[in-house]
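Thanks for coming. Please have the coordinates open.

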Amino acid sequence: MNPINRRTFMSHGLAGLGSLAFSRLFAAENQLGIPHYRPKVKRVIHLCMAGGPSHLESFDYKPELAKLNGKGMPESFTKGQQLAQLQGQALKCMGPQWDFAKHGQSQAEISEIFPNIAKHADEIAIIRSMHTEQINHDPAHTFMNTGSIIPGRPSMGSWVLYGLGSESQNLPGYVVLTSAGGGQAQPISSRQWSNGLLPGHLQGVEFQAAGDPVHYVNNPSGITEASQKDVINAINRLNGINSKRTEHHDIATRMEQYELAFRMQAAVPELMDTKGESQQTLDLYGCTPGDGSFASNCLLARRLAERGTRFIQLYHRGWDHHSGVKNGTKAAAGYVDQGTSALLTDLKQRGMLDETLVIWGGEFGRTPMAQGNGRDHHIKAFSIFLAGGGIKGGITHGETDDLGYGIVKDPVSVHDLHATMLHLLGLQHDALTFKTQGLDFKLTGVEPCKVIKEILA
Amino acid sequence: MIFKCVIPKFATPLIIIGILPVYSQAEESEIRYGRDIRPILSDKCFFCHGPDPETREEGLRLDIREEAIKGKAIVPGYPEKSPLIQLIMTNDKNKIMPPPKSHKKLNEKEKQLLSDWVKAGAEYEPHWAYEPVKKGELNELDEIVENQLEKNGLSLSKPADANTLLRRLHFDIIGLPPTPAEVTAFISAHENDPKQAVKDATDKLLASPHFGERMAVKYLDSVRYADTVGYHGDQSEDVSPYRDYVINSFNNDLNYDQFIIEQIAGDLLPNPTLNQKIASAYNRLGQMSREGGIQDKEYIAKYRAERVRTTSAAFLGSTMACCECHDHKFDPFTAKDFYSFGAYFSDILEKGAYTENGSYQEDVKKYQKDGILIGSFGPVIRIADDEKKAKDAARIQRISELRELNLKSHPESEKAFQTWLADLRKGSKDIKPSYVPIISETLPKQPPINKPRKAADGSKATYADVTADKGPVQSGKKSRVQSSTGSSVQHTINPNKPMTVLEGDMLYAWVYLDPKSPPASVMLKFYTNSWNHRVYWGADNIDLGKNANGGPSYHKAGPLPPLGKWVRLEVKPSDIGILPDNTINQTGYIQDTGTVYWDDAGLVSSDKNTPLGGISAEIRDFINTPNSEKTAEVKNTLYGYYLLNTVATTPEQKELQVLHSELPKTPMKSRTVLVSVSAKPRVTRLLPRGNWTDESGPIVQPAPPEFLTKGKKIGTSRLDLAKWIASPDNPLTARVFVNRIWSQFYGTGLSKSDGDFGFQGEYPSNPELLDWLAAEFVNNDWSIKQLIRTIVNSQTYQQTSTPGGEYIKRDPLNRQLARQTQLRLPAELIRDNALAVSGLLHREVGGASVYPYQPSGYYSNLNFPRRVYPTSLGKDLYRRGIYTHWQRTFVHPMMKNFGAPSREECVTGRSEANTPLQALTLLNDPTFTEAARVLATKLLKESNDKLIDRAMMTCLSRPATEDEAKILNELYQDELKRFEADPEAAVKFISIGKSPKSYGVNGMTAPKLAASTSMIRTIMNLHESITRY
């Protein structure tokens, strides 16, 4: 490095590196031919309803089940099937605990526990025919995120970053936020946002509700911004000297990372500072920003989206209703209904909904059979909804049987969902591969899967 | 909406492992099937034309020459007549191979290679990794490397500088930097005789107890060692003795073959030693679950599959994972091989679901002997920490000596003790064992009693407090009566404070069973990190924890106690799986039908912290028996108790007081470790498509992969498997291991796919070298230290890693070995280095895992139970990274940011990605700020001169150049000005970390210390500080 006046180095360095940063680091090599086709959306916001929301109290109304309330579950449905906690017990039907109404022009049937989401009936595509392979929370989340039940595979967010990189110059490209309320808070492992086999910079970064939003993002106590800047400046000047001596490209990358770290130290507080949000916006979300609630996380999700973050996951841990499914679903919905609705509205108002894919759903559904006054885990059928760019609003895709137990029409696998998500991002699921230890890995695994064309606009 | 997706173009190569073009070593003109052809066929063709019949197209397989010729794909000698060549060359989109839908493409060079190969006769050769190890003609590491370099027109680079070399040896062998004094000494020794200097340094480092710690970093990744179970609640499990076993084995240079055997089957060796039993924890390190509602069988299948994946990858460098569902697409492993391999582990005594749903394959009582206990996650043994015990023994020895001395020189002080003892004896009838009540009216604050929970059948339960006029009361003014018309009813109590159980403790609860309406049974249950600790009296009709094989979750204590009188129910915690040092967080009281009066419950504790609890039963006996002949230990303990409760009057007593206070407050905190216990093997079936609910597959017997045994009969016990893996005839074991060691000393293995030696793995960059190393290794009785000596004493190892641009451009990943490699230190070593240079590092080897600083709230997503991070105290804050508590679902963020894996599965290589989170960690993690401050304090205390040079020498083993010194000095001056203007900020900055602050002497003001800390923090953030050159 030329002996530049160090006072000018920092600004010079920042300008010079502005075009590199995350975007350059976060991308698969061009040999993958990316994007494979014209993308419909730039980013994904996954609202993960952790615990397994009951489809029967949310998006899949079953009047026949109501008629059988309290009666034995017909054995033809359940014989030889894997159950979770109900294994080996007498199985009794439990009718839907909440009323449903038809909403919007599309007349989509949505439960009364979601008065706000229901207002978006014509913008969302409900899938009533999701199914999964894993019946317990931890492996089911792993399957939903990585398409595999073997721990150590990359999360979908990491895959997307690997394929497309991030557009943010100074915030992570894959961010995770969590909240809880409305039911037993199931643990969530950081495995769910792990880069797995992919390089470490593709991992999801969890933002914390309390303390430093990102680990180590604040200066040490007693260190001012100017002081930190001088230290970073000196580090990079010294690294520059070393770089000349050792000619190792890693040093150049490391110097960029220090610049980036410094920018992140400013960008994260700026992101978290919601002072600039109008009262109208705050009222829309109905939260106190920064309170760690789901709604507050939704607001942050919008702010992250605006700043170029590619993949945003909000976990709400509150949907595991083994008992008290009636009050439980209502309570959990109370935590997420307004936030979800506000996010859709807010994105739309800002013209961002068209370039965003919003996915709302859990890791599995719940049994039509009662478990006391609750419901057990269920993998044969569950409901989710999608909204945003490339999604056909107002449709309900797939169908379950009269009791909401099995799928009778258009089953959608987790891999189908992944393939569809990648498709909307301009990525062909079976061409997005990563080779390691001799094998080509894919998000969608080895079994055949398909893009759900019917829900695409 | 339309927009363009920005796809950045690369200007410089990035470290994205796996997609960088590999330097081709094929400069020689001769085509070698294994090196040049098979990788192409395997990657592009075998999926449809390979070993797996299920995905085979047109019945054609290309992995066997005869089949390829018979299938008319290849006409040897005639590429133009060979459809294989025609179809890869064609432009016809409907015919071209591989078909476009496979997304596989051959480049021109590959097409030409295939064509040339067919022309030359299409000769196949067996896969290199499955052939016996062959030594070539050359018999020196350097000769072999130079021979290949020469063929490619290259030569070795010049040797590295002495200080660089010493740092390299230190980081590679012990993982800690040399001190400035060691550097100076080495430089002069190296000037005299470079070879001897390296030899001596190597020997010294290999003899260091820190060698094992360094070696364990990578090794523990491959055996997926962690301190928690991983799945769902990710509860803690105690396995740290296994980690210490690994460290000690490296330190003792345990032969690698024996090392393997002990880990896979140590428990099956004749008269296994304690270490061999601990080694068998290897089989039990996989993830486990106690998520509610999980199925026993499903998790048995998961554990089996994980053991196959880990054992095949860790020791055999093979990826058998795919075979859980189907025959391998590329390698000759079949699905049957997968399950036969898994069957070797079917004897391991375990449950699938560590909940009520799970059961052991046999009655565990049979195995609760020879020190085997049944813990919350299956069999464990308790180990004695000899080293710590020795320290305590030394203290006790000194105590005896001092006591003698005191008796002689200060007899009057002894009289005071005798008087005290006599007083104590007088009142001794009142000395009770120490009760720690859970519920008792003597407690200042009553813990809440949760409402009785009704049974599932909805039968009615009633409860009330009764006073002595209304019903029986055991103590105090009231008892609690509870009745149930139907099945069981329970109430739970959360103790005011979690209670830690010690050896010899007893849990109790008082009950009075109503003779008019007796219950069928009564049960006590306790929550540690699960509820699986239950004991019952009477009929076995309470469903909770019910399990045909009994065990700690359903322990039968005996018949129903007598009716119509108060009875104290008692249970030894170990009978219900609560081991010493476990903590009880909740308790539950259950009855099946009838009416029961419940009163006080609690723990009879031997904890010295509880009133009079320090006086053990033995000492109480001593007090109660005049002039009893008791052991010196008892006398000393009693005297210690006296001393700690009185004022020392003599110098001996003062020292005794210190020694007594240093003795562990509780009996030696001994650790437990999960172990393998061999029980009746479970039946293993081949699961079609890996589906555990499908029991239609054939039963399989334990056997290694068929193609590797070549018809040789291998026995069916785990020990047979271990011996087969550890055999010199196994073509994979030694190769895989030396390749991994090579990557530790060279950055990349000779075959870079060090977890896959199958057809898709990389052909070694220097196969002669790999085989020579493997052969040498086996010939030297699998001595790992000897292997390392061979590597580091070579010129190849000692080359510079900074030879100049041409070398790096020609061979960016250094596969040709014409230089050394610059390696970023692994996460653990980055921590160790900062602590070591500052002097903060506490160098104790082994012990329970520790909890260094961690950002608060990091565990907030954990549950069952909720977790609070128990930050360590004192010296444990400054242990090496390898001892940091490894929470699988939330690995310590510092470690994670530098690429440490979660260890949920076997990992043979870490991500080396370079991220801003790493910069944030080094800049802002208090560990590093504190280390900088402590080093600054030390250097300023020594002298005020040449601060920058001394800091550079300490941190980087070299002085600063003029340019560097200028930059650091400018920074120092600016920081000094800033801190002088704001001394409060300076004090804040130097107060980070729990180590004591010291300034104010020798002109060391707070601003000066703070500015020096800034300067050193800068050095500690340098690329050079985290790189081994």
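I start in chain B, where Phe186(B), Ala189(B) and His190(B) of helix 8 meet Pro194(B), Ala197(B), Asp200(B) and Ala201(B) of helix 9. This is a predicted model, and that applies to everything I say from here on. By class, the residues in that contact between helix 8 and helix 9 of chain B are five nonpolar, one polar and one charged. As for the geometry, helix 8 of chain B covers residues 180-192 and helix 9 of chain B covers 194-206, and the axes are 6 Å apart at an angle of about 140 degrees. An angle has to be over 145 degrees to count as roughly antiparallel, so helix 8 of chain B is classed as oblique to helix 9 of chain B.

The next pair is also in chain B. Helix 12 of chain B, residues 256-265, and helix 22 of chain B, residues 718-725, have axes that come within 9 Å and cross at roughly 155 degrees. Helix 12 and helix 22 of chain B are therefore roughly antiparallel. The crossing of these two helices of chain B is right-handed.

Which residues of helix 12 of chain B meet helix 22 of chain B? From helix 12 of chain B they are Ile260(B), Ile261(B), Ile264(B) and Ala265(B). On the helix 22 side of chain B, the partners are Arg718(B), Leu719(B), Leu721(B), Ala722(B), Lys723(B) and Ile725(B). The contact of helix 12 with helix 22 of chain B holds eight nonpolar and two charged residues, and no polar ones.

Now the domains of chain B. The assignment gives domain 1 as 33-124, domain 2 as 255-383 + 671-730, domain 3 as 386-431 + 636-662, domain 4 as 441-605 and domain 5 as 924-1028. Taken over C-alpha atoms, the centres of domain 2 and domain 5 of chain B are 52 Å apart.

Thr693(B) and Arg879(B) are 186 residues apart along the chain, and their C-alpha atoms are separated by 46 Å. Thr693(B) sits in the loop between strand 14 (672-674) and helix 21 (706-709) of chain B. Is Thr693(B) buried or exposed? Thr693(B) counts as exposed, because it has 12 C-beta neighbours inside 10 Å.

Over to chain A, and its helix 12, residues 414-424. How many of the residues of this helix of chain A are buried? The count is eleven of eleven, so helix 12 of chain A is mostly covered. Among the buried residues are Val414(A), Asp416(A), Leu417(A), Met421(A) and Leu424(A), along with the histidines His415(A), His418(A) and His423(A). The cover over helix 12 of chain A includes strand 1 (43-50), helix 5 (137-146), helix 6 (156-164), strand 8 (356-361) and strand 15 (412-413) of chain A. After helix 12 of chain A comes Gly426(A), with a positive phi near 90 degrees.

Next, the interface. On the chain A side, 87 residues are in contact with 87 residues of chain B. Helix 2 (21-25), helix 5, helix 7 (225-246), helix 8 (249-272), strand 10 (374-378) and strand 16 (433-436) of chain A each supply at least two residues of the side that touches chain B. Helix 7 of chain A gives the largest share of that side, twelve residues. By class, the side of chain A that touches chain B has 31 nonpolar, 38 polar and 18 charged residues.

Last, backbone details to check in chain B. Met97(B) and Pro98(B) are joined by a cis peptide bond, with omega about -10 degrees. Pro98(B) lies in the loop between helix 4 (83-89) and helix 5 (108-119) of chain B. A cis peptide bond also joins Phe864(B) and Pro865(B), with omega about -5 degrees, and Pro865(B) is in the loop between helix 28 (827-838) and helix 29 (893-897) of chain B.

Leu817(B) has phi near 70 degrees and is found in the loop between helix 27 (805-810) and strand 15 (823-824) of chain B. Leu817(B) counts as buried, because it has 29 C-beta neighbours inside 10 Å. Arg903(B) has phi near 60 degrees and lies in the loop between helix 29 and helix 30 (916-924) of chain B. Arg903(B) has 24 C-beta neighbours inside 10 Å and so counts as buried.

Note on methods
Residues are numbered from 1 along each chain as its sequence is written. Chains are lettered from A and ligands numbered from 1 in the order in which they are written. This is a predicted model: local features need pLDDT of at least 70, side-chain atom pairs count only at pLDDT 80 or more; totals for chains, interfaces and linings use all residues. A residue is buried if 20 or more other C-beta atoms lie within 10 Å of its own, exposed if 12 or fewer, and partly exposed in between; C-beta atoms are placed from the backbone. Helices (H or I, at least four residues) and strands (E, at least two) are DSSP runs, numbered from the N terminus. Two residues are in contact if their C-beta atoms, placed from the backbone, lie within 7 Å. Domain bounds come from an automatic or database domain assignment. Axes are lines fitted to C-alpha atoms, for helices over the stretch in contact, and angles run from 0 to 180 degrees between N-to-C directions. Angles under 35 degrees count as roughly parallel, over 145 as roughly antiparallel, 65 to 115 as roughly perpendicular and the rest as oblique. A crossing is left-handed if the near helix is turned anticlockwise from the far one by less than a right angle, and right-handed if clockwise. Ala, Val, Leu, Ile, Met, Phe, Trp, Tyr, Cys and Pro count as nonpolar, Asp, Glu, Lys and Arg as charged, and the others, Gly among them, as polar.
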